[in-house]
Amino acid sequence: MDRRLVLIGPPGTGKGTQAQMLSEEWKIPHISTGSLLREAVESGSELGGVVEQYMRSGELVPDNIMLDVVKERLSHNDVSGGFILDGFPRTIEQAEGLDRTGIDIDRVVYIYVDEDEIIRRLLSRYECPKCGYIKGAENNKEDVCPKCGVKLVRRADDDIDIIKKRLKVYREQTEPLLDHYKDRGIVLEVDGNGTVEEVFRRIEKGLIDEDKHQE
Ligand SMILES: [Zn+2]
């Protein structure tokens, strides 16, 4: 069956990692906002040129442009068996825009973690200043980058006040977004506490159980 998924979760839940694992397991593309924008720019298309201007000026890419980029990506052949959207839609406006394109979403996987735990995780995150490698809370023993041997540093945007502000913005945007999809009965809520493998098994089990339910 088709697997047109959207992954939603606050920063620090390991959402990108889960999307990547699902993508490998199910052989469907993982489409993250970051990679979408990068690919659009690299394609050299007219749309890519517009995206590049926004990114250069440090401005957020407006919803209508973002939607065009998503629409273009979802017209490729490799999504015929499904896809995993990660980071889009992020707001109710984007979700409504996506609805208008006629692209149906089968399931929305919402990964939730307590805010105290998110803060704890983000504060224990270190990165390589050279290649951007991120060390999660699970690799506590690492203090140098496994790729370049450079000493890892705390991420500048992982300051406690910035984290709290990000979580507040996230809550304000996500609640209406979740309600939008809950009305359709397609939200799968997954407990994001525990190891990467534990969370992954919960997601898979949840999706498979729901499939059975619908047969
Ligand atoms: Zn590195």
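Strand β4 (residues 107-112) is mostly covered, with five of its six residues buried. A residue counts as buried if 20 or more other C-beta atoms lie within 10 Å of its own, as exposed if 12 or fewer do, and as partly exposed in between, with C-beta atoms placed from the backbone. Strands (E, at least two residues) and helices (H or I, at least four) are DSSP runs, numbered from the N terminus. The model is a predicted one, in which local features need pLDDT of at least 70 and side-chain atom pairs count only at pLDDT 80 or more, while totals for chains, interfaces and linings use all residues. Residues are numbered from 1 along each chain as its sequence is written.

Two strands pair if DSSP finds at least two bridges between them. Strands β1 and β4 run parallel and are joined by four bridges. Along this pairing, L5 stands opposite R107, and L7 stands opposite V109. Strand β8 (residues 187-191) is also parallel to β4, with five bridges between them; here I111 is opposite V190.

Strand β1 (residues 3-8) has a further parallel partner, β3 (residues 82-86), to which five bridges join it. L7 takes part here too, with D86 as its bridge partner in β3.

Next come the helices. In α6 (residues 115-123), the residues I118, R121 and L122 are buried. They lie on the same side of α6 because they cover an arc of only 95° around the axis; the arc is that of the directions from the helix axis to the C-beta atoms. Part of what covers the buried residues of α6 is α7 (160-182).

Two packed helices are described by the angle between their axes and the distance between the axes. Axes are lines fitted to C-alpha atoms, for helices over the stretch in contact, and angles run from 0 to 180 degrees between N-to-C directions. Angles under 35 degrees count as roughly parallel, over 145 as roughly antiparallel, 65 to 115 as roughly perpendicular and the rest as oblique.

Helix α2 (residues 33-43) packs against α4 at about 85°, with the axes 10 Å apart. The two helices are therefore roughly perpendicular to each other. L36, L37 and A40 of α2 meet V69, V70 and R73 of α4, where contact requires C-beta atoms, placed from the backbone, within 7 Å.

Helix α4 (residues 63-73) also meets α3 (residues 46-56): their axes come within 11 Å and cross at roughly 140°. That angle makes α3 oblique to α4. The contact involves L47, V50 and V51 of α3 and I65, D68, V69 and E72 of α4.

Definitions and conventions: Contact = placed C-beta atoms within 7 Å.
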